[in-house]
Amino acid sequence: MAFDFEDMKNKIVSAGKEVGDKAKEASSTAKIRLDIRSKEDFLQKQYAELGKLYYEAHKEEEVPEQECFASIAETLGEIQALKDEILVTQGAVICPQCGAKQPKEHTYCDKCGAHLSIFEE
């Protein structure tokens with residue numbers, strides 16, 4: 001029995017075409033999934049922004065979401081305390097005028113010139 005090179009060539013070409021088609025399909029699927037994830041991330045940011053705007057607009061009111069508001073306010077306070085702890089660790093203060101981080105020993109802000117004496121102990 002003789003080996004059929006033409007048949008082998010056709011099988012290899014066919015297999016290569018199948019592999020190429022599968023790779024193209026996988027690539028297209030991955031791109032679509034990436035697009036979906038990107039749009040989902042965008043939506044999450046929009047929801048977060050909407051929630052932040054709602055919170056800012058209604059945080060002083062009696063609303064059904066008041067329990068969530070209290071939790072948000074508490075967490076914001078904890079975050080600020082942690083940021084203050086970092087400043088103390090770094091030996092720095094935040095300028096009350098412009099928000100720039102300044103060495104604690106400075107009397108004036110080197111960005112806006114505001115007096116930093118309120119930090120003297």
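This note goes through the predicted model point by point, from overall dimensions to single residues.

1. Overall dimensions. The chain has 121 residues and a radius of gyration of 31 Å, whereas a compact globule of 121 residues would have a value near 14 Å. Along the principal axes, the C-alpha trace spans about 100 × 45 × 25 Å.

2. Secondary structure. The chain contains two helices and two strands. Read from the N terminus, the order of the elements is α-α-β-β. Helix α1 covers residues 5-58, and strand β2 covers 101-103.

3. Burial and surface. Of the 121 residues in the chain, 10% are buried. The accessible surface of the chain is about 10,400 Å², and carbon and sulfur atoms account for 58% of that area.

4. Contact range. Taking the contacts between residues at least 6 apart in sequence, 3% join residues at least 24 apart.

5. Nonpolar core. In soluble globular proteins, nonpolar side chains tend to be buried together. In this model the largest nonpolar core has five residues, namely Cys95, Ala100, Cys109, Ala114 and Leu116. Which residues does Leu116 contact, leaving aside neighbours within four places in sequence? They are Cys95, Pro96, Gln102, His106, Thr107, Tyr108 and Cys109. Two of these contacts, Cys95 and Cys109, are also members of the core.

6. The segment after β2. Thr107 lies in this segment and is partly exposed, because its relative accessibility is 37%, between the limits of 20% and 50%. Beyond four places in sequence, Thr107 contacts Ala114, His115, Leu116 and Ser117; Ala114 and Leu116 belong to the core. Asp110 is also placed in the segment after β2. With a relative accessible area of 57%, Asp110 is over the 50% limit and therefore counts as exposed.

7. Lys9 and Glu6 both lie in helix α1, three residues apart, about one turn of the helix. Lys9 has a relative accessibility of 48% and counts as partly exposed, and Glu6, at 46%, counts as partly exposed as well. Another salt bridge joins Asp21 and Lys17, with the closest N and O atoms 3.3 Å apart. Why are Asp21 and Lys17 separated by about one helical turn? They are separated in this way because they are four residues apart in helix α1. Asp21 is partly exposed at 39%, whereas Lys17 is exposed at 53%.

8. The Glu56 salt bridge. Glu56 and Lys59 meet through their side chains in a salt bridge of 3.2 Å, N to O. Glu56 has a relative accessibility of 41% and counts as partly exposed. Lys59 counts as partly exposed too, at 33%.

9. Nonpolar surface patch. Phe3, Phe5, Met8 and Ile12 form a nonpolar patch on the surface, and together they have about 460 Å² of accessible area. Phe5 is located in helix α1. Is Phe5 buried or exposed? Phe5 is exposed, because its relative accessible area of 65% is over the 50% limit.

10. Ala2 is in the segment before α1 and is exposed, with a relative accessible area of 73%. Ala2 and Ser14 are 12 residues apart in sequence, and the distance between their C-alpha atoms is 22 Å.

Conventions:
Residues are numbered from 1 along each chain as its sequence is written. This is a predicted model: local features need pLDDT of at least 70, side-chain atom pairs count only at pLDDT 80 or more; totals for chains, interfaces and linings use all residues. Side-chain values use heavy atoms; hydrogens and water are left out. A nonpolar core is a set of buried Ala, Val, Leu, Ile, Met, Phe, Trp, Tyr and Cys residues joined through side-chain atoms within 4.5 Å. Buried means under 20% relative accessible area, exposed over 50%, partly exposed in between (1.4 Å probe, protein chains only). Contact means heavy atoms within 4.5 Å. A salt bridge is a side-chain nitrogen of Lys or Arg within 4 Å of a carboxyl oxygen of Asp or Glu. Patches are made of residues with over 30% relative accessible area and no salt bridge: like charges are joined within 9 Å, nonpolar side chains (Val, Leu, Ile, Met, Phe, Trp, Tyr) within 5 Å. Accessible areas come from the Shrake-Rupley method with a 1.4 Å probe; for residues, only the protein chains shown count as cover. The radius of gyration is taken over C-alpha atoms; the globule rule is 2.2 Å times the number of residues to the power 0.38.
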